[in-house]
Amino acid sequence: MSDTVIPRRDKLIAEKERWARDRRQPPAARPTIVPTGGRMPAGQHLVRDWPVLDLGTHPNISAKDWALSVEGLVHGPMKLAYTDLQAIPQTERVSDIHCVTFWSRLDNRWRGVATLDLLAEARPREEARFALIKSYDGYTTGLPLEYLQEPDSLLVTHWNDAPLTREHGGPVRLVVPSLYFWKSAKWIRSIRLVDRDVKGFWESRGYHMLGDPWREQRYD
Ligand SMILES: Nc1nc2c(c(=O)[nH]1)N[C@H]1C(S)=C(S)[C@@H](COP(=O)(O)O)O[C@H]1N2
Ligand SMILES: [Mo]
(Lines give C-alpha, C1' and ligand atoms only; values in the text may rest on other atoms or scores of the structure.)
(Ligands and ions follow the chains in the order given, each with its own letter.)
Protein backbone atom coordinates (compact mmCIF):
# COMPACT_ATOMS: atom_id res chain seq x y z
CA MET A 1 0.00 0.00 0.00
CA SER A 2 1.53 3.31 -1.00
CA ASP A 3 -0.15 5.60 1.49
CA THR A 4 0.84 9.21 1.46
CA VAL A 5 2.19 10.45 4.76
CA ILE A 6 -0.69 11.94 6.66
CA PRO A 7 -0.07 15.58 7.37
CA ARG A 8 -0.82 16.22 11.01
CA ARG A 9 -2.18 19.25 12.66
CA ASP A 10 -0.66 17.65 15.73
CA LYS A 11 -2.04 19.83 18.49
CA LEU A 12 -5.60 19.69 17.25
CA ILE A 13 -5.42 15.94 16.63
CA ALA A 14 -3.91 15.35 20.08
CA GLU A 15 -6.72 17.38 21.61
CA LYS A 16 -9.41 15.45 19.74
CA GLU A 17 -7.75 12.17 20.78
CA ARG A 18 -7.82 13.36 24.38
CA TRP A 19 -11.54 14.14 24.05
CA ALA A 20 -12.09 10.60 22.79
CA ARG A 21 -10.05 9.14 25.66
CA ASP A 22 -11.96 11.19 28.22
CA ARG A 23 -15.31 10.43 26.50
CA ARG A 24 -15.80 14.16 26.39
CA GLN A 25 -19.31 15.35 27.15
CA PRO A 26 -21.04 18.23 25.39
CA PRO A 27 -20.54 21.69 26.88
CA ALA A 28 -23.35 22.54 29.34
CA ALA A 29 -26.55 22.79 27.32
CA ARG A 30 -26.43 25.71 24.95
CA PRO A 31 -29.79 26.99 23.78
CA THR A 32 -30.92 26.03 20.31
CA ILE A 33 -32.20 29.25 18.81
CA VAL A 34 -34.59 28.06 16.12
CA PRO A 35 -37.10 25.23 16.35
CA THR A 36 -35.54 22.21 14.70
CA GLY A 37 -38.46 19.79 14.80
CA GLY A 38 -36.63 16.97 16.51
CA ARG A 39 -33.75 17.05 14.07
CA MET A 40 -31.03 17.65 16.64
CA PRO A 41 -29.48 14.53 18.14
CA ALA A 42 -28.62 14.62 21.86
CA GLY A 43 -25.62 16.74 22.78
CA GLN A 44 -25.56 18.72 19.51
CA HIS A 45 -25.87 22.49 19.11
CA LEU A 46 -26.88 24.32 15.96
CA VAL A 47 -24.42 26.32 13.87
CA ARG A 48 -25.20 28.49 10.86
CA ASP A 49 -21.73 28.72 9.37
CA TRP A 50 -19.93 25.64 8.11
CA PRO A 51 -16.70 24.94 10.03
CA VAL A 52 -13.69 23.51 8.20
CA LEU A 53 -12.21 20.50 10.01
CA ASP A 54 -9.52 18.17 8.74
CA LEU A 55 -5.91 17.10 9.23
CA GLY A 56 -4.64 20.48 8.07
CA THR A 57 -3.78 19.97 4.41
CA HIS A 58 -6.20 20.74 1.63
CA PRO A 59 -5.04 18.75 -1.41
CA ASN A 60 -5.17 20.81 -4.56
CA ILE A 61 -6.83 18.49 -7.07
CA SER A 62 -8.43 19.88 -10.17
CA ALA A 63 -11.50 18.16 -11.58
CA LYS A 64 -9.25 17.12 -14.48
CA ASP A 65 -6.81 15.30 -12.17
CA TRP A 66 -9.38 13.82 -9.80
CA ALA A 67 -10.20 10.10 -10.10
CA LEU A 68 -12.02 7.60 -7.91
CA SER A 69 -11.36 3.86 -7.70
CA VAL A 70 -14.06 1.44 -6.65
CA GLU A 71 -12.24 -1.76 -5.79
CA GLY A 72 -11.97 -4.78 -3.53
CA LEU A 73 -14.95 -7.14 -3.29
CA VAL A 74 -16.80 -5.97 -6.40
CA HIS A 75 -17.52 -7.82 -9.64
CA GLY A 76 -16.80 -4.73 -11.70
CA PRO A 77 -13.94 -2.61 -10.34
CA MET A 78 -14.06 0.93 -11.68
CA LYS A 79 -11.86 3.95 -12.04
CA LEU A 80 -13.91 7.06 -12.64
CA ALA A 81 -12.77 10.44 -13.84
CA TYR A 82 -14.76 13.56 -12.98
CA THR A 83 -16.39 13.49 -16.44
CA ASP A 84 -17.44 9.84 -15.85
CA LEU A 85 -19.07 10.92 -12.61
CA GLN A 86 -20.98 13.64 -14.42
CA ALA A 87 -22.23 11.10 -16.97
CA ILE A 88 -24.03 9.16 -14.22
CA PRO A 89 -27.53 10.49 -13.36
CA GLN A 90 -27.18 13.24 -10.77
CA THR A 91 -28.97 13.18 -7.44
CA GLU A 92 -29.92 16.15 -5.28
CA ARG A 93 -30.67 15.75 -1.57
CA VAL A 94 -31.14 18.04 1.42
CA SER A 95 -29.69 16.70 4.66
CA ASP A 96 -28.13 17.65 7.99
CA ILE A 97 -24.53 17.53 9.17
CA HIS A 98 -23.85 16.19 12.67
CA CYS A 99 -20.23 16.50 13.78
CA VAL A 100 -18.86 14.51 16.70
CA THR A 101 -17.42 17.79 18.06
CA PHE A 102 -21.02 18.76 18.96
CA TRP A 103 -22.12 21.03 16.13
CA SER A 104 -24.87 20.38 13.61
CA ARG A 105 -25.71 22.25 10.43
CA LEU A 106 -29.18 21.71 8.99
CA ASP A 107 -30.56 21.80 5.44
CA ASN A 108 -27.50 21.37 3.27
CA ARG A 109 -28.42 20.96 -0.40
CA TRP A 110 -26.05 18.44 -1.90
CA ARG A 111 -25.71 17.43 -5.54
CA GLY A 112 -23.70 14.59 -7.00
CA VAL A 113 -24.00 10.88 -7.55
CA ALA A 114 -25.73 8.53 -5.12
CA THR A 115 -23.23 5.94 -3.88
CA LEU A 116 -26.14 3.50 -4.24
CA ASP A 117 -26.12 4.12 -8.01
CA LEU A 118 -22.35 3.82 -8.19
CA LEU A 119 -22.36 0.52 -6.26
CA ALA A 120 -25.10 -0.83 -8.51
CA GLU A 121 -22.62 -0.43 -11.37
CA ALA A 122 -19.69 -1.91 -9.43
CA ARG A 123 -21.83 -4.86 -8.21
CA PRO A 124 -20.64 -5.77 -4.69
CA ARG A 125 -19.71 -9.41 -4.20
CA GLU A 126 -21.68 -11.52 -1.76
CA GLU A 127 -18.91 -11.29 0.90
CA ALA A 128 -18.72 -7.49 0.84
CA ARG A 129 -19.88 -6.07 4.19
CA PHE A 130 -17.89 -2.88 4.82
CA ALA A 131 -16.22 -0.08 2.88
CA LEU A 132 -12.81 1.43 3.52
CA ILE A 133 -12.58 4.97 2.17
CA LYS A 134 -9.30 6.68 1.29
CA SER A 135 -8.71 10.32 0.47
CA TYR A 136 -6.07 12.38 -1.30
CA ASP A 137 -4.76 13.78 1.99
CA GLY A 138 -4.11 10.26 3.32
CA TYR A 139 -7.24 10.27 5.48
CA THR A 140 -9.12 6.99 5.86
CA THR A 141 -12.43 5.92 7.38
CA GLY A 142 -14.48 2.73 7.43
CA LEU A 143 -18.21 2.08 7.51
CA PRO A 144 -20.73 -0.71 6.88
CA LEU A 145 -21.62 -1.11 3.22
CA GLU A 146 -25.32 -0.50 3.83
CA TYR A 147 -24.60 3.13 4.76
CA LEU A 148 -23.36 3.68 1.21
CA GLN A 149 -26.61 2.14 -0.02
CA GLU A 150 -28.84 4.65 1.75
CA PRO A 151 -30.54 7.02 -0.68
CA ASP A 152 -29.06 10.12 1.03
CA SER A 153 -25.43 9.00 0.77
CA LEU A 154 -23.73 10.86 -2.08
CA LEU A 155 -20.49 11.59 -3.82
CA VAL A 156 -20.92 15.33 -3.69
CA THR A 157 -19.71 17.86 -6.25
CA HIS A 158 -22.05 20.76 -5.33
CA TRP A 159 -23.26 22.30 -2.08
CA ASN A 160 -26.13 24.81 -2.10
CA ASP A 161 -25.89 25.04 -5.90
CA ALA A 162 -22.21 26.01 -6.02
CA PRO A 163 -19.25 23.75 -6.76
CA LEU A 164 -17.89 22.27 -3.53
CA THR A 165 -14.94 24.36 -2.41
CA ARG A 166 -11.51 22.86 -1.95
CA GLU A 167 -11.53 23.41 1.83
CA HIS A 168 -14.73 21.37 2.12
CA GLY A 169 -13.37 18.52 0.03
CA GLY A 170 -13.80 19.64 -3.57
CA PRO A 171 -13.83 18.55 -6.29
CA VAL A 172 -15.56 15.48 -4.79
CA ARG A 173 -16.31 14.35 -1.24
CA LEU A 174 -18.43 11.69 0.34
CA VAL A 175 -21.49 12.67 2.37
CA VAL A 176 -23.15 10.07 4.62
CA PRO A 177 -25.75 12.08 6.55
CA SER A 178 -26.85 9.30 8.92
CA LEU A 179 -23.39 9.02 10.52
CA TYR A 180 -21.22 11.61 12.30
CA PHE A 181 -19.40 13.77 9.78
CA TRP A 182 -15.95 12.21 10.22
CA LYS A 183 -17.25 9.37 7.99
CA SER A 184 -17.86 11.87 5.17
CA ALA A 185 -14.42 11.78 3.58
CA LYS A 186 -13.29 14.92 1.74
CA TRP A 187 -11.16 14.68 -1.47
CA ILE A 188 -12.27 11.08 -1.87
CA ARG A 189 -9.91 8.84 -3.80
CA SER A 190 -11.03 5.24 -3.36
CA ILE A 191 -13.80 3.05 -2.03
CA ARG A 192 -12.65 -0.48 -1.20
CA LEU A 193 -15.26 -3.08 -0.31
CA VAL A 194 -14.05 -5.54 2.30
CA ASP A 195 -15.51 -8.38 4.36
CA ARG A 196 -14.77 -6.92 7.81
CA ASP A 197 -14.68 -3.53 9.47
CA VAL A 198 -11.37 -1.70 9.16
CA LYS A 199 -10.33 1.17 11.44
CA GLY A 200 -9.62 4.44 9.70
CA PHE A 201 -7.82 7.55 10.96
CA TRP A 202 -10.22 8.52 13.75
CA GLU A 203 -11.47 5.01 14.49
CA SER A 204 -7.83 4.15 15.36
CA ARG A 205 -7.80 7.11 17.74
CA GLY A 206 -10.73 6.19 19.94
CA TYR A 207 -13.71 7.15 17.80
CA HIS A 208 -16.62 4.76 17.49
CA MET A 209 -16.59 2.21 14.66
CA LEU A 210 -20.11 3.12 13.50
CA GLY A 211 -20.75 6.69 14.71
CA ASP A 212 -24.55 6.95 14.68
CA PRO A 213 -25.43 10.43 16.04
CA TRP A 214 -28.93 9.28 17.08
CA ARG A 215 -27.34 6.75 19.42
CA GLU A 216 -24.56 9.19 20.41
CA GLN A 217 -21.87 6.77 19.28
CA ARG A 218 -19.03 9.26 19.58
CA TYR A 219 -16.24 7.25 21.15
CA ASP A 220 -15.56 3.57 21.49
N1 LIG B 1 -10.04 13.69 3.57
C2 LIG B 1 -10.48 14.05 4.77
N3 LIG B 1 -11.79 13.96 5.00
C4 LIG B 1 -12.28 14.32 6.20
C5 LIG B 1 -11.44 14.77 7.22
C6 LIG B 1 -10.05 14.86 6.94
O7 LIG B 1 -9.22 15.24 7.79
N8 LIG B 1 -9.61 14.50 5.70
N9 LIG B 1 -11.98 15.12 8.46
C10 LIG B 1 -13.31 14.59 8.79
C11 LIG B 1 -13.88 15.28 9.93
S12 LIG B 1 -13.28 14.86 11.46
C13 LIG B 1 -14.91 16.17 9.78
S14 LIG B 1 -15.70 16.81 11.12
C15 LIG B 1 -15.38 16.59 8.43
C16 LIG B 1 -15.35 18.11 8.30
O17 LIG B 1 -15.78 18.49 7.03
P18 LIG B 1 -15.85 20.04 6.71
O19 LIG B 1 -14.46 20.61 6.86
O20 LIG B 1 -16.39 20.15 5.33
O21 LIG B 1 -16.79 20.64 7.72
O22 LIG B 1 -14.60 16.02 7.39
C23 LIG B 1 -14.26 14.68 7.60
N24 LIG B 1 -13.63 14.23 6.40
MO1 LIG C 1 -14.70 15.82 13.02
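How do the residues of the shell around ligand 1 divide into nonpolar, polar and charged? In this predicted model, the shell comprises 13 nonpolar, three polar and five charged residues, where Ala, Val, Leu, Ile, Met, Phe, Trp, Tyr, Cys and Pro count as nonpolar, Asp, Glu, Lys and Arg as charged, and the others, Gly among them, as polar.

Of the 21 residues around ligand 1, Pro 51, Asp 137, His 168, Arg 173 and Lys 186 come nearest, a residue being near if one of its heavy atoms lies within 4 Å. The polar contacts tabulated here are pairs of N or O atoms within 3.5 Å.

| Residue | Protein atom | Distance to an oxygen atom of ligand 1 |
|---|---|---|
| Trp 50 | side-chain N or O | 3.0 Å |
| Leu 53 | polar backbone atom | 2.8 Å |
| Lys 186 | polar side-chain atom | 2.5 Å |

Taken alone, ligand 1 exposes 530 Å², of which the protein buries 100%, with areas from the Shrake-Rupley method and a 1.4 Å probe.

Elsewhere, the count comes to 16 salt bridges, each being a side-chain nitrogen of Lys or Arg within 4 Å of a carboxyl oxygen of Asp or Glu. Among them, Arg 93 and Asp 152 meet at 3.5 Å, N to O, and Asp 65 pairs with Lys 64 with the closest N and O atoms 3.9 Å apart; both Asp 65 and Lys 64 are exposed, that is, over 50% relative accessible area (1.4 Å probe, protein chains only).

Residues are numbered from 1 along each chain as its sequence is written, while chains are lettered from A and ligands numbered from 1 in the order in which they are written. Local features need pLDDT of at least 70, side-chain atom pairs count only at pLDDT 80 or more, and totals for chains, interfaces and linings use all residues, with side-chain values using heavy atoms and leaving out hydrogens and water.

Key
Polar contact = N/O pair within 3.5 Å; in protein donor to acceptor, adjacent residues only side chain to side chain. Buried < 20%, exposed > 50% of the residue type's maximum accessible area, 1.4 Å probe, protein only.
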